[in-house]
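Open the model in your viewer and keep the selection panel at hand.

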Amino acid sequence: MPPPIPEKPAIANPAQAASLRPTRARYWVIVFAVTLAIIQYVDKVCISQAAPFIQKDLHLREDQMGWVFGAFTLAYAIFEIPAGYLGDRFGPRPVLLRIVIWWSFCTAALGRMWSCGSLIVTQFLFGAGEAGAFPNLTKAFNRWLPPQERPRAQGIMWMSARLGGALTPMLVYLCLQHVTWRTAFLLLGLPGVVWGVLFFRWYRDDPRSHPSVNAAEAALLPVEAAAGEHFKAPWKKLFTSRTVWCLCGQYFACSYSFWFFITWFPTYLLKARGFDLKHSALLAGTPLFVGAAGSLFAGWIAPILSRRLGSTRTVRCGIGAAGAFGAAALLMVATWLTNPYMAVVAIALVAFCNDIQLPGAWTACMDVGGKAVATLSGTMNMMGNVGGFVSPIVCGYIVKQTGNWNLAFYVTAAAYVLGAFCWLGMDPVTPLEQQGKRARA
């Protein structure tokens with residue numbers, strides 16, 4: 001367990017920094033982000049794998065379960081901007097501790113629910129508590145990592161998040177062989193508490209106050225106002241910037257599709273493709289495994305292409321648009337395939353195309369947002385979770401009314417096409433204040 005960290009004064013001696021070899025304490029921030037991303041997605045995804053058992057025990061229909069899924073993302077969307085703003089105002093350290101303890105309690109509480117209404121209320125509180133996790137991790141990256149290391153850090157974090165989600169179906173399946181779904185939720189709530197204690201003891205919002213950071217490493221890091229200093233969010237620029245609206249639009253499309261993977265996909269495999277419960281659990285994580293590869297690939301290739309082409313903007317927009325168009329095309333292919341295993345392959349490739357967009361989107365928030373990075377990230381993630389709220393409800397009603405899973409795929413493909421045009425219409429590198437000056441000029 002990392003030892004308690006005493007506060008110390010900032011170190012900033014250029015001569016000393018030049019003579020030292022930089023320490024690597026900043027990479028522990030990536031380790032904490034990776035582990036939190038895994039824990040978050042395990043807690044988020046576990047309810048979808050347990051859904052058939054919950055429906056059976058509580059006598060819930062598909063449309064009711066859709067509202068249970070949607071309650072989480074509705075609250076998550078509503079509280080994203082406030083949680084991001086708090087991270088910009090007070091720093092990620094206290095905000096992330098509150099987030100993790102809250103969502104861990106709600107995960108455990110899901111196992112005590114007795115009706116559709118109680119599940120919806122607890123899921124809403126769960127989403128409200130978890131909101132702001134990734135914006136505040138992005139804020140931590142912004143403070144602890146130099147710009148050239150941020151795309152790959154985002155790629156590694158999102159790869160880890162997807163792997164956590166991918167492993168969850170089998171993890172829950174194994175748990176349910178030995179305990180009830182109620183006990184499984186209680187067990188899954190414990191890791192977050194452990195993470196919160198370790199993080200709060202090690203992390204500091206000002207990396208220069210950390211005893212493991214020497215002068216040479218401090219010289220690599222960006223300078224930002226300390227947590228607690230006056231922060232004023234640029235609300236007018238946030239709500240009038242075309243780039244912000246485009247970031248929100250593309251993330252709506254990404255999340256709309258992604259929430260199908262972590263809500264209805266196990267049920268789709270059971271009812272539409274004829275797999276049994278064991279094979280459904282094995283295959284349900286496939287899109288997230290492949291999506292993890294997409295995040296890692298994009299985080300690795302984007303800096304290389306940016307150096308060779310000399311344009312970070314072209315690379316980010318190009319990768320994002322290609323991912324969105326590719327996902328739309330692959331969804332259409334999946335509807336034409338009769339072989340269930342080939343259909344799973346096509347849907348897994350949809351996840352790859354979906355997730356190559358993520359490192360560019362979150363790094364764009366860091367470059368465009370400046371000191372308001374968590375607020376901008378929260379704004380983008382809010383719209384993504386609006387998509388996540390709408391997706392399981394729309395899918396549930398389409399299947400209930402028509403019995404046609406392909407129609408749900410057509411709607412998702414249309415959302416991806418709109419997301420591709422959003423990528424082509426944004427400037428994902430220029431800070432908000434400079435975009436405003438450029439517009440006036």
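**Aromatic rings**

Select Phe69, Phe260, Trp264, Phe265, Tyr268, Trp405 and Phe409: ring pairs link these residues into a cluster. Rings of Phe, Tyr and Trp (its six-membered ring) pair if their centres lie within 6.5 Å; planes under 30 degrees apart count as stacked, over 60 as edge-to-face and the rest as tilted. By this rule there are 32 aromatic pairs.

This is a predicted model, in which local features need pLDDT of at least 70 and side-chain atom pairs count only at pLDDT 80 or more, while totals for chains, interfaces and linings use all residues. Residues are numbered from 1 along each chain as its sequence is written, and side-chain values use heavy atoms, with hydrogens and water left out.

Next, select tryptophan 235 and phenylalanine 239, a stacked pair with 6.2 Å centre to centre and 15 degrees between the planes. Both lie in helix α12 (residues 235-240), 4 residues apart, about one turn of the helix. Helices are DSSP runs (H or I, at least four residues), numbered from the N terminus. Tryptophan 235 is partly exposed at 34% relative accessible area, and phenylalanine 239 is partly exposed at 43%. Here buried means under 20% relative accessible area, exposed over 50%, and partly exposed in between (1.4 Å probe, protein chains only).

Now go to tyrosine 251 and tryptophan 362, an edge-to-face pair: 5.8 Å centre to centre, 85 degrees between the planes. Tyrosine 251 is in helix α13 and tryptophan 362 in helix α19 (residues 358-369), so the pair ties together parts that are 111 residues apart in sequence. Tyrosine 251 is buried at 4%, and tryptophan 362 is buried at 0%.

**Cavities**

How many cavities of 30 Å³ or more does a search of the whole structure find? There are 4. A cavity is a set of points on a 1 Å grid over the protein atoms alone where a 1.4 Å probe fits but cannot get out; lining residues have an atom within 4 Å of a point. A volume is the space filled by probe spheres set on the points, which are joined across faces, edges and corners.

Select Tyr41, Tyr251, Ser255, Phe258 and Asn381, which lie nearest the centre of the largest cavity among its 16 lining residues. Its volume is about 140 Å³. Helix α13 supplies the largest share of this lining, 5 residues.

The second largest cavity holds about 100 Å³. Its lining includes Tyr256, Phe260, Leu331 and Phe409. Again α13 gives the most to this lining, with 4 residues.

Conventions
1 Å grid on protein atoms, 1.4 Å probe; cavity = no way out; pocket = protein on both sides within 12 Å on 5 of 7 lines; lining within 4 Å. Helix = DSSP H or I, 4+ residues; strand = E, 2+ residues; numbered from the N terminus.
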